[in-house]
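Please look at the sequence and the model below, and then follow the report from the strands and helices to some details of the backbone.

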Amino acid sequence: MQRVVRRVFVQSSSLFRTVVGGGRGVNMAEGQRARPSSDLAAFRELFAAARNIVVLSGAGISAESGVPTFRGAGGFWRTWQAQDLATPEAFRANPSLVWEFYHYRREVMLTKLPNAGHMAIAECEQRLAKQGRSLVVITQNIDELHKRAGSKNIIELHGCLFNTRCTRCGHVEENRKSPIVLSLAGKGAPDPDAQDARIPEEDLPRCDHGGCGGLLRPHVVWFGESLDPDVLSRTDRELDKCDLCLVVGTSSVVYPAAMYAPMLASRGIPVAEFNIEETPATHQLGFHFHGPSGEWLPKALAPHHTETTP
């Protein structure tokens, strides 16, 4: 039987939850652990010995590039947060509004660049590959900043902002048009006072594959939707062989991604969190480095004195 894992938003510091198959809840109570270490030298020794490194990244690393997160205080697009609009129900009820939201996000990304954290991860991946070691990025982000930084081994759990999927024929393709359709030009302003464009459905992005004409949607995983089984399988394989994990800029409230780091830590795998704040997972992990990833990662992932390149 194929495993079904849905994207779920849970704000809880006392309980980790995910929905796995048939609506059955699987709960993992938080472990009682000592405060995590901030000893960079100790982390660096583990880094030097690691052969299969996993970086779990979330919205925080993109926020350092100026990308809106739509989370927390002030994290709104107009009067909505992401979990209000990133649902199949919202799209069925008001596809014009949801497309305005994603059009705004697409246009914003044309003005943003990878930051020092993205660059440190990409450089480390390339360097370690020459040593027969691996680094893979498992990201919840849909903005492609890891790819633009030069990372190659990327698993996009929630899809990509620049891919579309037809709601009629299911065809998926890359789409980097700006604007994606003329009816969205100048639309999507995030201000609370902005008026909804109320674009007729026939003027929203449409599928031109084989003359289909169906309504397009962003090819991303919305809250309540199932993650791609192939993506989950690849993720499982990387987590199974992981011997060091970095958790970068993730709030640890969106599942299933939020359970990965605690699960690794429970197996005795060293896990280091890099974040500007503590998260529900912090006290289950071995390390916590407080501050921007752009400040910490260049130091944490720099060449170790024991490294040799063929």
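Predicted model: local features only at pLDDT ≥ 70, side-chain atom pairs only at ≥ 80, totals over all residues.

The individual pairings can be followed from strand to strand. S5 and S6 run parallel and are joined by three bridges, and here Val137 stands opposite Ile154 in S6. S10 and S12 also pair in the parallel sense, over four bridges, with Ala272 in S12 as the bridge partner of Leu246. S12 in turn pairs with strand S13 (residues 287–290) over four bridges, in the parallel sense, and the bridge partner of Asn275 in S13 is His290.

## A covered strand

Strand S12 (residues 271–275) is mostly covered, since five of its five residues are buried. In a regular strand the side chains alternate between the two faces of the sheet. For S12, both faces are covered: Val271, Glu273 and Asn275 are buried on one side, while Ala272 and Phe274 are buried on the other.

Helix H8 (residues 229–241) has 13 residues and reaches 19 Å from its first C-alpha to its last, which is close to the 18 Å expected at 1.5 Å a residue. Val231, Leu232, Thr235, Glu238 and Leu239 are buried in H8. Seen down the axis of H8, its buried residues fall within an arc of 125 degrees, so they line one face of the helix. On the other side of H8, Asp230, Arg237 and Asp240 are exposed.

What do the buried residues of H8 pack against? They pack against strand S4 (52–57), strand S5 (134–139), strand S6 (154–156) and H9. The N-terminal end of H8 is capped by Asp228, which has a side-chain oxygen 2.7 Å from the backbone nitrogen of Asp230.

## The three-stranded sheet

Another open sheet consists of three strands in the order S8-S7-S9, and the pairing is antiparallel. S8 and S9 stand at the edges, each with a single partner strand, so one side of each is left without a neighbour in the sheet. Neighbouring strands of this sheet are turned by 45 degrees against each other on average, direction ignored.

Strand S7 (residues 159–166) and S9 run antiparallel and are joined by four bridges, and the bridge partner of Gly159 in S9 is Val220. Helix H5 (residues 95–109) lies across S7 and S9, running at about 140 degrees to S7.

## A proline between two helices

Pro114 is located in the loop between H5 and helix H6 (116–129). Pro114 and Ile61 are 53 residues apart in sequence, and their C-alpha atoms are 9.1 Å apart in space. If its neighbours within four places in sequence are left aside, Pro114 is in contact with Ser65, Met119, Leu145, Arg148 and Ala149.

## Backbone details in the loops

Most residues other than glycine have a negative phi, and most peptide bonds are trans. Against this background, the peptide bond from Ser178 to Pro179 is cis, with omega near -5 degrees, and Pro179 lies in the loop between strand S8 (172–174) and strand S9 (216–220). The peptide bond from Tyr255 to Pro256 is also cis, with omega near 15 degrees; Pro256 lies in the loop between strand S11 (254–255) and helix H9 (260–266).

Is each of them buried or exposed? Arg198, in the loop between S8 and S9, counts as exposed because its relative accessibility is 68%, and the cut-off for exposed is over 50%. Ser252, in the loop between strand S10 (244–248) and S11, is buried, because its relative accessible area is 4%, and buried means under 20%.

Conventions. Residues numbered from 1 in each chain as written. Heavy atoms only, no water. Buried < 20%, exposed > 50% of the residue type's maximum accessible area, 1.4 Å probe, protein only. Expected span 1.5 Å × (residues − 1). Arc of directions from axis to C-beta. Contact = heavy atoms within 4.5 Å. Polar contact = N/O pair within 3.5 Å; in protein donor to acceptor, adjacent residues only side chain to side chain. Pairing = 2+ DSSP bridges. Axes fitted to C-alpha atoms, helices over the stretch in contact; angles between N-to-C directions.
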